[in-house]
Each structure stands twice: as C-alpha cells, then as structure tokens.
Amino acid sequence: LRTPRERDAAEIMAIRNSAFVMKNNVMEVVDKEQMVHLIHREIDYEDTWYMERKEDGALLGMIAAEEDGVRFNVRSRCLSYYLGEQYTRQGYMKEALRAVLHELFTEEDPKSGGEEQISYDPEMSEWGNLAEQTSVVVW
C-alpha cells in the first residue's frame with residue numbers, strides 16, 4: 001500500500017474505468033484530466049492507498065476510507081475499493097484490507113473508549129467474507 005502519485009493516472013484510470021470495476025461500483029468513467037484531479041484530492045485526503053505488488057511494482061487497485069456522513073454523531077468511515085480483474089482471487093485485496101483496517105482501528109481516538117466495530121450489508125457477501133477474514137469483530 002502506498003500514497004497515490006500523479007504519474008499513476010493512466011494506469012489507475014485503466015483499472016477504474018474497466019467494465020469489471022464499473023459493473024460493481026457506482027462511479028462515472030473519467031478521462032485523464034479528471035483522473036489527475038481525483039489523484040490530487042486523494043493525496044490531500046491522506047486516507048487513500050494504492051495497491052502496488054512488491055515483486056514488480058504493478059498497480060493493482062485502490063482503497064479509500066472516507067468519512068461516512070450518513071451516521072449521525074458517530075465517527076464512522078466508508079470503505080471504497082476496487083481491484084483490476086486480473087488480480088482478483090489471489091489474496092491481494094484481503095491482505096490490503098487487513099492492513100488498512102488495522103491502521104484505521106488503531107488510530108488514537110479518545111471518544112472510542114477502545115471499542116471498535118465494523119458493520120456491513122449481509123447482502124454484499126463478498127464484503128462480508130472479506131470482513132470476516134480480517135480478524136475484525138463483525139456486527
């Protein structure tokens with residue numbers, strides 16, 4: 001996992017705009033200029049990680065943890081993520097989510113009282129499966 005870079009635009013845009021990613025996410029296709037703008041926002045936001053394979057530096061996908069404005073007076077995050085189709089079913093997303101969740105759940109928050117939980121929609125079985133495999137309490 002690493003910080004996004006402007007030079008990632010073409011590679012991450014190809015993954016993001018792919019039919020595989022688009023069929024599973026509510027996003028619009030972006031052009032290179034829009035992608036560069038998104039990358040700059042992701043860099044400024046700081047809670048976006050690009051997944052890079054250690055062996056060869058291939059860009060695999062991304063994970064973002066955004067504030068979840070739907071919950072009233074509850075500190076919560078919404079995870080968004082996607083992965084290039086050729087990298088699915090190889091454990092990359094599970095490994096990356098495990099690292100991101102560890103980081104998010106170990107951030108200092110005096111209001112949390114040390115209790116953290118994660119919830120997910122059981123209708124989204126893939127996420128539930130990933131959540132259960134990350135050693136996080138699932139509610």
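Helices (H or I, at least four residues) and strands (E, at least two) are DSSP runs, numbered from the N terminus. This is a predicted model, in which local features need pLDDT of at least 70, side-chain atom pairs count only at pLDDT 80 or more, and totals for chains, interfaces and linings use all residues. Residues are numbered from 1 along each chain as its sequence is written, and side-chain values use heavy atoms, with hydrogens and water left out.

**View 1. Leucine 38 in helix α3.**
Helix α3 spans residues 32–45 and holds leucine 38. Leucine 38 counts as buried because its relative accessibility is 17%. (Buried means under 20% relative accessible area, exposed over 50%, partly exposed in between, with a 1.4 Å probe and protein chains only.) Contact means heavy atoms within 4.5 Å. With neighbours within four places in sequence set aside, leucine 38 is in contact with Arg16 and Val30. Glutamate 6 is 32 residues from leucine 38 in sequence, yet the C-alpha to C-alpha distance is 9.4 Å.

**View 2. The whole chain.**
Five helices and three strands make up the elements of the chain. Their order from the N terminus is α-α-α-β-β-β-α-α. Of the 139 residues in the chain, 37% are buried. Among contacts with a separation of 6 or more, 48% join residues 24 or more positions apart.

**View 3. The three-stranded sheet.**
The sheet is open, with three strands in the order β1-β2-β3 and antiparallel pairing. β1 and β3 stand at the edges with a single partner strand each, so one side of each has no neighbour in the sheet. From one strand to the next, the twist averages 15°. (Axes are lines fitted to C-alpha atoms, for helices over the stretch in contact, and angles run from 0 to 180 degrees between N-to-C directions.) Two strands pair if DSSP finds at least two bridges between them. In general, strands of a sheet pair through backbone hydrogen bonds, either parallel or antiparallel. β1 and β2 run antiparallel, joined by five bridges. β2 and β3 (residues 77–83) are also antiparallel, over seven bridges.

β2 covers residues 59–67 and is mostly covered, with seven of its nine residues buried. Glycine 61 in β2 stands opposite methionine 51. Glycine 61 also stands opposite leucine 83 in β3. Further along, alanine 65 stands opposite leucine 79 in β3. The hairpin of β1 and β2 has six residues between the strands, and glycine 57 there takes a positive phi near 75°.

**View 4. Helices on the sheet.**
α3 lies across β1 and β2. The direction of α3 is at about 110° to β1. α4 packs on the sheet and touches β1, β2 and β3. The directions of α4 and β3 make about 155°.

**View 5. The loop between α3 and β1.**
Glutamate 46 lies in this loop. Its phi is positive, about 80°, although glutamate 46 is not a glycine. Glutamate 46 counts as exposed because its relative accessibility is 62%. Aspartate 47 is found in the loop between α3 and β1 as well. Aspartate 47 is buried, with a relative accessible area of 13%. Beyond its neighbours within four places in sequence, aspartate 47 is in contact with Ile63, Ala64, Ala65 and Arg77.

**View 6. Arginine 89.**
Arginine 89 sits in the loop between β3 and α4. Its phi is positive, near 60°, in a residue other than glycine. Arginine 89 is exposed, at 75% relative accessible area.

**View 7. The second largest pocket.**
A pocket is an open set of points on a 1 Å grid over the protein atoms alone, where a 1.4 Å probe fits, with protein on both sides within 12 Å along at least five of seven lines. Lining residues have an atom within 4 Å of a point. The second largest pocket holds about 240 Å³ of space. (Grid points are joined across faces, edges and corners, and a volume is the space filled by probe spheres set on the points.) Its lining includes Leu1, Met51, Arg53, Leu60 and Tyr92. β1 (48–52) and α4 (92–105) are the elements that give two or more residues to this lining. The largest share, four residues, comes from α4. The lining divides into six nonpolar, five charged and no polar residues. (Ala, Val, Leu, Ile, Met, Phe, Trp, Tyr, Cys and Pro count as nonpolar, Asp, Glu, Lys and Arg as charged, and the others, Gly among them, as polar.)
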